[in-house]
Amino acid sequence: MLQEETAKLCLPHPCTLNSKSRCHGDPCSMSLIANCSQLSWEASNATTKSPLSAFSAILISYKVSSVHPPPSLSSSPFIVSQLKVLQISQSTSASPPSSIPMKCFLFAILACSFLNIASAGSFYQDFDIIWGDGRAKILDNGRLLTLSLDKTSGSGFQSKNEYLFGKIDMQVKLVPGNSAGTVTAYYLSSQGPTHDEIDFEFLGNLSGDPYTLHTNVFAQGKGNREMQFKLWFDPTKDFHTYSILWNPRHVIFMVDGTPIRDFKNLESRGIAFPKNQPMRIYSSLWNADDWATRGGAIKTDWSNAPFLASYRNFNSDACVASSSSTNCASDAATIKSGWWNQELDFTGRKRMKWVQQNYMIYNYCTDSKRFPQGLPPECSLD
């Protein structure tokens, strides 16, 4: 293998850690470790599109040949503890096993440690505010983001990265009080007429009436797969976690860890599934009083403006679309547990059934009036 090719493969690629803290993207796979130990890279010669580029540059500029961490990393208790183990190993052995050179093994430890940190970064690091003329704000040193809506404009943001499969979590506190006419949207989407999209949309309501949680899945430009729910709690009183688990077999929507919907890959039956187009995360707060509340019968009361939605604790355990995304996906697929292979077990299916029986208020698969020529084919196969 060429040295520069080995260098690229030994960079931490954009798979993050799963909930059990196992590294999906092992920066130095066993077959590459022997090559890694020979590398001595300079940051000025390293380029990467990975969101981990800053950390990669630190490691590269420091050179893999050293057993001591760069100064900016030496304060990490995890890294310090691993260094002690490695230094003890080196002091008691003439040389590390030839199949696992110690220097590259250290590089793998450092990279995986940073991946764990990067999976839950700041809003400054992970998102761009894209519209709203100052109505969207990042606060609390990047730990909080707020969107606001008034009669002039709403606001919105998008992720810096595009993702191709993964698990995305966001904690959201919705617009309180009389939110009728407003929509808070949180979704994944690609671009173009044949785009893919995975939607959470929160439709506001009059004070005291519950929000409507609207979900939809687009594949190759085709949507019309709406399911709507009422929530079993007040989403304006506190933050709640809304998650999308997207792997090659499932799109699972979850609320505080409870699955509410599972859109399965039925491509073998001719039904499109979102699997080829990288998607960004988007969120916006906007006025939709022509349809959002009771079909548009209830209009937005602008005397309550500005309306405010808040976000925190974003977490992505996902493959970032880049030149390394193929490696990310293949590495993730080798992990027996985690999001890549995740599907609902018996308990998960039971919990989803409970939600759908008690809180689902609309299911496109039962709307024969809307589809007089016959329900969509997945409705009879799911």
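The following legends describe close-up views of a predicted model.

**View 1. The disulfide of Cys365 and Cys379.** The sulfur atoms of Cys365 and Cys379 are 2.0 Å apart, and the count of disulfides in the structure comes to one. The link is left-handed, with -80° about the S-S bond. Both Cys365 and Cys379 lie in the segment after β14 (360–363), 14 residues apart. Cys365 counts as buried, at 15% relative accessibility.

View 2. Thr182 counts as buried, with a relative accessibility of 0%, and a polar atom of its side chain lies 2.7 Å from the backbone oxygen of Ser179. Beyond its neighbours within four places in sequence, Thr182 is in contact with several residues, among them Leu149, Phe202, Leu203, Trp286 and Phe307.

**View 3. The salt bridge of Asp150 with Arg135.** The closest N and O atoms of this pair, which belongs to a structure holding nine salt bridges, are 2.9 Å apart. Asp150 is partly exposed at 23% relative accessibility, whereas Arg135 is buried at 15%.

**View 4. The salt bridge of Glu378 with Arg225.** The side chains of Glu378 and Arg225 meet at 3.0 Å, N to O. This pair links distant parts of the chain, 153 residues apart, with Glu378 in the segment after β14 and Arg225 in the loop between β7 and β8 (227–230). Glu378 is buried, with a relative accessible area of 5%, and Arg225 is buried, with 2%.

Key. Residues numbered from 1 in each chain as written. Predicted model: local features only at pLDDT ≥ 70, side-chain atom pairs only at ≥ 80, totals over all residues. Heavy atoms only, no water. Disulfide = S-S within 2.5 Å. Helix = DSSP H or I, 4+ residues; strand = E, 2+ residues; numbered from the N terminus. Buried < 20%, exposed > 50% of the residue type's maximum accessible area, 1.4 Å probe, protein only. Polar contact = N/O pair within 3.5 Å; in protein donor to acceptor, adjacent residues only side chain to side chain. Contact = heavy atoms within 4.5 Å. Salt bridge = Lys/Arg side-chain N within 4 Å of Asp/Glu carboxyl O.
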